[in-house]
Amino acid sequence: MAEPEWPRNALRVGVFEFRRSIRALWHDKSRLGFVALGVLIPVVVLISLTLVFADAIRDAEAMHVQSAVRGTIALFWLFGVYIVGQRTVSARTHVDSESLMLTTVSVRTVAVGLLVAETLRVLASVGPSAFVLTGIGVILLGSPVSLVLVPGAVLLFATTLVVTGSTLGYAAAWLVSTSRFVARHKTVLGTVASLLGVGGYFVFLSPQVSGVGPAVLSWFPMGWFVDIAIVGTRFIGSQIRAVGVVVAGIALFAAGGMIVERETADLWFTEPVDPESRRSERESETETADETPSEGGRSDALTAAVAPFVVPRVVSVPVRYVAEWALLRTRRDPNRLMFLIIPLFAVGSPLLSMGVQSGSVGELAAPLSVVVIPWLAGSLFSMNPLGDEGAVLPVTLTAVSGRQFVRGLMVPGLFVGVPLAVVVTAIAGAISPYPLSERIGLVALGVYLTCIAVTITPAIGMAFPRFSAISVGQSRDILPPRMTAIIVHAAFSILPGALLAVLAVAPSTGRTVLAGLVGVVPSLLIEWFAGADGSLLMGTAEWFMNVGNAVQALSILQVRLIGGGAVLAGGVLISILLYRNAIRRFEQYSLA
């Protein structure tokens, strides 16, 4: 039963949680920079477009709102629901000092307070853009009521998506807490859900590829917020839709609030299941029946814990233990993989948009697969090997040799990455316009790059370890790799891989790039450092320029044999050196 003053208490809880998140963001300057860019870039774009097209907006004739506009708003709302749901299930399922809060105020107060805090975070992100849109409505479109209606539409937009996303997030968290199957396979299920969510978003966002555009979603009431925002302007919307979205929003807020209260009560007062409990019971019974339990029994338990992934028995037992522990850590702590999701979104979205606009998705898919899959395979399991060991690092240092440890770290990336590189690159090649010989070459290149990326990762991770956990939402024990390690690994895997992929499918372009790397770029840098008086350096710059011209004069076959061969041989040499370096670092590592 909620206390009589629960609305005021919930507001206080929400404001307090919001202020805590702002303080935490302020202390994490790198994260603050990324968040600031995400908020400021849309504002800068809106202001720039407004300044450029101010006269056109001011003189625009009356027109009806198109279905594509409503569908786009609905698509953004659905994507916001996905983001909030993901944040809820991964980082914000519980409130700090939960036992104190739940014995001081009601569950309704805490649940609504968390909804208020998340709504304030969303408003802080979209508020500056809403302010610009309000200014456009009042100043350029001459609608004084926009001063109220635009912020009101944004507020209703934010509250409905927060309530809906939180409802789905708490439902997923409840399943993880009560279902052994879901708890055991949460990483795989979460990955599939993320792929489906992002894939569905891009299906509607890229009608040139899927044939399905945002206009299909114009029937969805959460796309009708635009009909509220344009009231009083010269744009013509639907008054019925405007009233309908207000009614639907209020009903959704009320129903979602009650569902969230019920979900959080079940979640917070239910003892979470142990996904390994039944397995442990069976293992205990087996060991009890066997008077001399063997090492193989513990090995089977670890092997079963990482299922359906299987480390082949052909590798030695110590190497297999290290590999299975690496798989198990990645499976149990998927939040560590956020460092992979961010660059994939940041780089993948522009590339996908460019491919869609130019109609060259088929041409880009196979080369991108050759570069991205090896990078992922190398980054998944061993980017921070010393830090991942945590408190058992002293035991690991004495239990296995450096060669066994490094090989164990490489095994998951190889046995997951190589088949994935073959399958994905072959499928991407099948829809590409390249001839069969180039498709086979891309598949072979994907296997080669995967082996190189996996081999070099342990040394890079040991050179730049992270031992201190960071805070992600309310999770205080997330241990991602250092940004330096991520950048260095990308430089050693993505850049050479991209050059080799270009040489394989577009050798003329690859020749130009190679000539620029070995000739033009060094020449320009030397000229810039030399200035007006560096006669000796200017001669060196001219020599580099001649080298670039010589590369540009090579035939396609010569470029592939000489340039591609040099990069391939360099990759093998670097992987051997870094493999030995990783072994030496592990064997010489001291905890002092």
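I take contact to mean heavy atoms within 4.5 Å. I take helices (H or I, at least four residues) and strands (E, at least two) as DSSP runs, numbered from the N terminus.

**Entry 1: what I am looking at.** I am working from a predicted model, in which local features need pLDDT of at least 70, side-chain atom pairs count only at pLDDT 80 or more, and totals for chains, interfaces and linings use all residues. Residues are numbered from 1 along each chain as its sequence is written, and side-chain values use heavy atoms, with hydrogens and water left out.

**Entry 2: the whole chain.** I found 25 helices and four strands in the protein chain. Of its 592 residues, 42% count as buried (buried is under 20% relative accessible area, exposed over 50%, partly exposed in between, with a 1.4 Å probe and protein chains only). I also looked up the contacts with a separation of 6 or more: residues 24 or more positions apart account for 79% of them.

**Entry 3: α1 against α6.** I looked up which residues of α1 meet α6. On the α1 side they are Trp6, Asn9, Ala10, Leu11, Val13, Gly14, Val15, Glu17, Phe18 and Ser21. On the α6 side I listed Arg108, Thr109, Val112, Gly113, Leu114, Val116, Ala117, Leu120, Arg121 and Ala124. By class, this contact has 12 nonpolar, five polar and three charged residues (Ala, Val, Leu, Ile, Met, Phe, Trp, Tyr, Cys and Pro count as nonpolar, Asp, Glu, Lys and Arg as charged, and the others, Gly among them, as polar).

Helix α1 (residues 6-27) packs on α6 at an angle of about 45°, with the axes 7 Å apart. Axes are lines fitted to C-alpha atoms, for helices over the stretch in contact, and angles run from 0 to 180 degrees between N-to-C directions. The two helices are therefore oblique to each other (under 35 degrees is roughly parallel, over 145 roughly antiparallel, 65 to 115 roughly perpendicular, the rest oblique).

**Entry 4: Thr109.** I picked threonine 109, which is found in helix α6. Threonine 109 is buried, at a relative accessible area of 0%. Not counting residues up to four places away in sequence, threonine 109 touches Glu3, Trp6, Asn9, Ala10 and Val13. From threonine 109 to arginine 12 I read 9.4 Å, C-alpha to C-alpha, although the two are 97 residues apart in sequence.

**Entry 5: α6 against α7.** Helix α6 (residues 107-140) and helix α7 (residues 146-178) pack at about 150°, with axes 8 Å apart. That makes α6 roughly antiparallel to α7. Their contact divides into 17 nonpolar, six polar and one charged residue. I noted Leu114, Val122 and Val138 among the α6 residues in it, and Val150, Ala158 and Tyr170 among those of α7.

**Entry 6: Ser177.** Serine 177 lies in helix α7. Serine 177 counts as buried, at 8% relative accessibility. Leaving aside neighbours within four places in sequence, serine 177 is in contact with Leu267, Thr270, Glu271, Pro272 and Val273.

**Entry 7: the cores.** A nonpolar core is a set of buried Ala, Val, Leu, Ile, Met, Phe, Trp, Tyr and Cys residues joined through side-chain atoms within 4.5 Å. The largest has 42 residues, and Phe405, Val406, Leu445, Met462 and Phe586 have the most contacts inside it. Elements giving two or more residues to this core include α20 (402-430), α21 (436-463) and α25 (556-588). Helix α21 gives the most, with 10 residues. Apart from this core I found another, of 38 residues, including Val81, Leu156, Val198 and Phe225.
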